[in-house]
Amino acid sequence: MPKERILYIDRLRGVNILLVVMGHVITNNVIDSSSNSLLVWGSTFRMPLFMFLCGYVAFKIITPKIFENYLNFIGKKARTLLLPFLAWPFLVEPFFFSDITAVDFKTILVDIISGGGLWFLWYLFWITLIYSFWLYITSKATLVPRSYGDMLMFIGVVTILLGIWTYFKNPAFKQFIFYLCFYFFGVFTAKYKYVSSLLLKPSSFTVGILVFVLLVDRYQYGASFPLNTAIRLVCAFSGIAIFYFAIRKLKFSEKVDEYIRGWGVKSLAIYVTHSYTVSIIGYPFISNSFNTFYMFLISGGITIIATLFCVAIFKLLSQSKILGLLLYGNKL
């Protein structure tokens, strides 16, 4: 795997996991957080950017060789994604953060599969399997040029999924399709140099900022009507264009870069752990009246502390091979 790619992907992951943690810092500690500008703005692109990065990395590391032992591939994805997805809500939350006698495990299961808890890992597991199906078909296709075959297969998959959603009208499935698009945006960015080159043009960066600024204030946090979804979709693509360009072009000091890339490498561990470290006193206490700059400084400081705690918890729990396997998907 090329060294350069690891560096900028880890930087992007590191910056983005800080934004994810910051979003939950605001949610847990700011009064009336749903109207907070930083939370609303970040909610439009943070998780789409992560799915974009997952697709980007998937193209680089998942090859047709997986089909020589496909069960091993599925097993590895189940270990790294499904074990943490299930272990935290079933082992950690009930026994350490809830009244175990009042826990309804069936309700927990329904909730997390429907988009609660560590939903990103659940979505990513199934999207990765869809990608492997797409990879198999496109690697065998010979009737049309490869680039057209890629796009036709992607459109075909999305069309089938949209048809299923139209029949069942499940909101979680609609979200799944939404994130599938960003995963494949990452795949195509990694696969086709012209897509990456387009994102690295200053003009794309400028357009991304202008579009994001013009639209983001029209986004209604948490609403799912079609126009709002369309606004979020455009803001997400704009946000990805902004951060992809900025992180590829910016230079960090050596020490700062080391921390950011380190958090990027441990982004999954931080993601599964951070909800237990972001609440300062257990209920919102920070006024929402602070302007955006001061709110960024306050929430940013708490975010750094919470992230450092997450890394420390990860290192401690990983001392146990069993806990490392169950909670973080580590190898035994």
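Biologist: With which residue does Glu258 form a salt bridge, and how close are their N and O atoms?

Modeller: Side chains of opposite charge can pair when their charged atoms come close. Here Glu258 pairs with Lys255, with 3.8 Å between the closest N and O atoms; a salt bridge means a side-chain nitrogen of Lys or Arg within 4 Å of a carboxyl oxygen of Asp or Glu. Keep in mind that this is a predicted model, where local features need pLDDT of at least 70 and side-chain atom pairs count only at pLDDT 80 or more, while totals for chains, interfaces and linings use all residues. Residues are numbered from 1 along each chain as its sequence is written, and side-chain values use heavy atoms, leaving out hydrogens and water.

Biologist: How far apart in helix 12 are Glu258 and Lys255?

Modeller: They are three residues apart in helix 12, so about one helical turn separates them. (Helices, H or I of at least four residues, are DSSP runs numbered from the N terminus.) Glu258 counts as partly exposed because its relative accessibility is 46%; buried means under 20% relative accessible area, exposed over 50%, and partly exposed in between, with a 1.4 Å probe and protein chains only.

Biologist: How many salt bridges does the whole structure have?

Modeller: A search finds three. Asp257 forms one with Arg11, their closest N and O atoms being 2.5 Å apart. Asp257 sits in helix 12 (residues 254-265) and Arg11 in helix 1 (residues 3-29), so this pair ties together parts 246 residues apart in sequence. Asp257 and Arg11 are both buried. Asp257 also meets Arg261 in a salt bridge, at 2.9 Å from N to O.

Biologist: Now packing. At what angle do helix 4 and helix 6 pack?

Modeller: Two packed helices are described by the angle between their axes and the distance between the axes. Helix 4 (residues 70-96) and helix 6 (residues 119-140) pack at about 165°, with axes 8 Å apart; axes are lines fitted to C-alpha atoms over the stretch in contact, and angles run from 0 to 180 degrees between N-to-C directions. That makes helix 4 roughly antiparallel to helix 6 (over 145 degrees; under 35 is roughly parallel, 65 to 115 roughly perpendicular, the rest oblique).

Biologist: Which residues make the contact?

Modeller: Among them are Phe73, Ile74 and Leu81 of helix 4, and Trp122, Phe125 and Leu129 of helix 6. Contact means heavy atoms within 4.5 Å.

Key. Helices (H or I, at least four residues) and strands (E, at least two) are DSSP runs, numbered from the N terminus.
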